[in-house]
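Good morning, and thank you for coming. I shall speak briefly about one structure, and I ask you to keep it in view while I go through its parts.

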Amino acid sequence: MSTLGQPRSDEREARIAVVDDERNIRELLEASLRFAGFEVVSAATGQEAIVTLLNERVDLVVLDVMLPDLDGFEVTRRLRERGITTPVLFLTARDDVPSTVTGLTVGGDDYVTKPFSLEELVARIRAVLRRTASAKAASAVLRYADLEIDSDAHEVRRAGRIIELSPTEFELLRYLTANAGRVLSRQQILDHVWDYDWRGEPTIVESYISYLRRKIDQPSPDGSGSDKPVPLIHTKRGLGYVLKTP
């Protein structure tokens, strides 16, 4: 195993939860992440993970999809229902697009396909933590049409309706809104939102864009709005994506 590099001082306080039912993988991840400078807690089942995350402060969850009781997607869904917005990075042996999209739609922030290198995993963790911190640090309230993004409160509203977003979805929408009217290429989005050289599923941007559209371009689920909102996120075929009114 090659070196993971020396831990940086700003990462020593980050606390990572590792959830994997395979003891050898769990212990390897615990040791490697501690060496990289993180504090680590662990769980072996989905139920144990939920209890741990409800009772302990954690900055990010490394969550295996295939668990013996609840799968990682169901664990994430239940956490989000309880208002826990901690970033989730999935570990999955299922690298097909449908499984990936499922993970994103329940509130996942990133994923790594098994087998993976420890260096890659640590890079992904650091990238998610950076963009989560960036979203929290930004103070401006961005507005476009009837869309409002409050970075201090980490809230998104469309026509007054609160829209729940994961940290990665929030950062992607904030980037699109800050560049409203400008076509952004997939590579620009990867460089800004994911903050590293993406080597996984190339449709990750398309998946997140698709899910954002489903969240911000739909009527209120309670039926309070009679008309469907005007679509804001548009695809420029062969070029990228742009947030604008038609």
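Let me begin with a definition: a residue is called buried under 20% relative accessible area, exposed over 50%, and partly exposed in between, computed with a 1.4 Å probe on protein chains only. E155 is partly exposed, with a relative accessible area of 29%. R157 is partly exposed as well, at 28% relative accessibility.

Please note that this is a predicted model, in which local features need pLDDT of at least 70 and side-chain atom pairs count only at pLDDT 80 or more, while totals for chains, interfaces and linings use all residues. Residues are numbered from 1 along each chain as its sequence is written, and side-chain values use heavy atoms, with hydrogens and water left out.

I turn to the sheet. Helices (H or I, at least four residues) and strands (E, at least two) are DSSP runs numbered from the N terminus, and two strands pair if DSSP finds at least two bridges between them. Here, 5 strands form an open sheet with parallel pairing, in the order β2-β1-β3-β4-β5. Which strands stand at the edges? They are β2 (39-43) and β5 (110-113); each has a single partner strand, so one side of each is left without a neighbour in the sheet. Strand β1, residues 15-19, pairs with β2 in the parallel sense over 5 bridges. Within this pairing, I16 stands opposite V40 of β2.

Next come the salt bridges. Side chains of opposite charge can pair when their charged atoms come close. The rule used here asks for a side-chain nitrogen of Lys or Arg within 4 Å of a carboxyl oxygen of Asp or Glu, and by this rule the count comes to 19 salt bridges. One of them joins the side chains of D20 and K114, at 3.5 Å from N to O. D20 lies in the loop between β1 and α1 (23-35), and K114 in the loop between β5 and α5 (118-137), so the pair ties together parts that are 94 residues apart in sequence. D20 is buried, with a relative accessible area of 0%, whereas K114 is partly exposed at 22%.

A salt bridge also links R80 and D109, whose closest N and O atoms are 3.6 Å apart. R80 belongs to helix α3 (residues 72-81) and D109 to the loop between α4 (97-105) and β5, 29 residues apart. D109 is buried, with a relative accessible area of 0%. The two residues from my opening, R157 and E155, form a salt bridge too, with 3.3 Å between the closest N and O atoms.

On a 1 Å grid over the protein atoms alone, a cavity is a set of points where a 1.4 Å probe fits but cannot get out, and a pocket is an open set with protein on both sides within 12 Å along at least five of seven lines; lining residues have an atom within 4 Å of a point. There are 2 cavities of 30 Å³ or more. The second largest cavity is lined by A17, V19, V41, S42, A43, A49, T52 and L53. The elements giving two or more residues to this lining are β1, β2 and α2 (46-55).

The second largest pocket is lined by 13 residues, and R80, E164, L165, S166 and K215 lie nearest its centre. Thank you for your attention.

How values were computed. Grid points are joined across faces, edges and corners, and a volume is the space filled by probe spheres set on the points.
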